[in-house]
Amino acid sequence: MGIFPEDDEIRVSQLIKLWVAEGFIKSNESQSLEEIARGYLNDLIDRNLILKQLGSTGRIRFCKIHDLLRDLSLKLAQKDEFICVMEDIQRGVERGRRIVCNEKNLQAKYQSQVLHTLQLPPLTRTLVTHMDGRLSNNRLMRIMSFNCGAKKKYLRRHIVDQVNMRYLAYNKRTRFLAVKLPSSIDVLWNLQTIIIRKNKIKAPSEIWEMRQLRHVDIYELHLPDPPQSGDQQQHEFVLQNLQTLKNVVNFVWSEEACKRVVNIRKLQIEYDSRSKSSNDYLLYNICHLHKLESLTCLPYTVHNVLQKLTFPSSLKKLYLVGSKVHWKDLTIIGSLPNLEVLNLDDVSAVEPVWNPVEGEFLRLKYLFISYIDLVQWNADSSHFPILEKLFLTQMYKLEEVPLDIGEIPTLGFLQLLECSESAAISAMRIAEEQENNGNEELQVRVTFDRKAKLESFQEKMKQSADDHINFTRNNFQAMMF
């Protein structure tokens with residue numbers, strides 16, 4: 001964890017991928033390497049060695065290491081030559097197996113000289129830096145993490161020099177580039193994780209032969225159809241280890257493609273091309289991904305996506321962005337037996353009224369609804385029986401939040417961000433009613449984007465206070481963001 005700057009919020013998913021790539025995690029038969037690593041992290045948190053930061057769904061998304069513990073760890077690590085954190089042009093770097101040169105660490109006066117120092121010595125296996133470009137021909141490199149944008153020349157030519165690479169990341173979004181990876185990319189047969197921000201990447205068919213791949217996170221990935229298995233054994237072509245595939249654009253989900261990624265857990269797909277019929281993408285085959293837990297779908301050019309997309313029963317998280325739906329089609333989503341998180345963002349609703357159906361969304365815990373022209377939402381506590389958090393954002397036409405939503409026994413947090421004033425008033429009434437009923441768990445937050453809107457709402461709150469003198473508002477807060 002010493003590779004991260006002091007006081008840095010460390011993304012847990014990134015930390016776990018690095019641990020796996022370094023070979024720190026030993027496998028067992030019952031868990032994936034990532035699950036074992038998360039268990040180790042939880043042990044550190046339980047011992048109060050690491051601070052955790054929860055995401056909106058209650059999962060640990062970020063963590064921080066105490067300053068004193070970080071300083072002690074770095075001293076011991078550098079003493080044992082386990083890691084070299086460069087703050088100047090220091091001696092001994094030629095023996096460093098893990099070199100860290102972040103812009104937050106490096107003193108400004110040394111930055112013009114550091115590139116020469118970072119012509120990597122042969123012992124180096126890990127490099128974390130903000131410096132641009134390809135720094136070495138070192139073929140023994142395992143991890144290269146750049147806090148800068150990708151270089152087109154490197155991705156097209158020199159990436160194949162690092163034949164032992166396990167982790168390659170360009171973490172910063174800079175100017176947009178379109179890059180076609182070379183067909184020789186399959187020589188990186190050890191590559192587990194590839195992360196590239198702000199680049200349009202066209203992958204060759206050889207990517208389907210990179211069987212060690214675990215996580216592919218590229219800003220815009222154009223993935224070719226997998227080659228037919230032919231006479232060879234099909235298991236030779238299956239990416240058994242692949243768990244994450246993000247930002248795949250206009251990909252056709254043939255049965256052959258689904259067979260290649262049978263263990264995928266997190267998938268993000270986008271459709272913005274009008275050159276094909278939406279039926280040609282074969283989205284109904286996604287139901288064959290039986291281990292899929294998280295799906296993000298941006299079906300901009302796919303009409304009636306819920307009628308074309310078939311979900312696997314394993315799905316726990318669904319993010320639907322930029323599509324047109326009929327509210328009645330949400331029955332398809334509501335019937336998913338394991339769905340815990342639903343995010344509807346910038347969805348164009350055909351009807352202004354949503355009438356949920358009882359007996360659906362039985363496992364849903366987190367509901368996010370953003371920027372939808374919903375006017376009336378006729379819901380009660382029976383429609384979302386174990387909901388824990390409800391987020392409503394930019395719901396400008398919503399007349400009110402159903403009062404019975406407050407009766408959900410598990411609901412602990414309700415937030416409205418940039419919604420109509422009438423919806424905000426209804427949220428306040430929910431807070432008032434629950435306080436009067438002795439519910440001290442539910443917290444309600446209302447946020448406005450303009451001072452005038454907040455002042456108008458506060459004026460109505462004062463008027464309401466004269467009529468509801470018993471409402472302390474300890475469970476309610478109105479603010480600007």
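Arg98 sits over the face of Phe82, 4.1 Å from the ring centre; a charge counts as over a ring when NZ of Lys or CZ of Arg is within 6 Å of the ring centre and within 35 degrees of the ring normal. This is a predicted model, where local features need pLDDT of at least 70, side-chain atom pairs count only at pLDDT 80 or more, and totals for chains, interfaces and linings use all residues. Residues are numbered from 1 along each chain as its sequence is written, and side-chain values use heavy atoms, leaving out hydrogens and water.

**Ring pairs overall**
- Searching the whole structure turns up 15 aromatic pairs (Phe, Tyr or six-membered Trp rings with centres within 6.5 Å; planes under 30 degrees apart are stacked, over 60 edge-to-face, the rest tilted).

**Phe368 and Phe391**
- These two rings are stacked, at 4.7 Å centre to centre with 5 degrees between the planes.
- The pair links distant parts of the chain, 23 residues apart: Phe368 is in strand 20 (residues 366-370) and Phe391 in strand 22 (residues 389-393). Strands here are DSSP runs (E, at least two residues), numbered from the N terminus.
- Both Phe368 and Phe391 are buried (under 20% relative accessible area; exposed is over 50%, partly exposed in between, with a 1.4 Å probe and protein chains only).

**Tyr371 and Tyr396**
- Here the pair is edge-to-face: 6.4 Å centre to centre, 90 degrees between the planes.
- Tyr371 counts as partly exposed because its relative accessibility is 45%, and Tyr396 does so at 40%.

**A cluster**
- Trp327, Trp354, Phe361, Trp377 and Phe384 are joined into a cluster by ring pairs.

Note on methods:
Helices (H or I, at least four residues) and strands (E, at least two) are DSSP runs, numbered from the N terminus.
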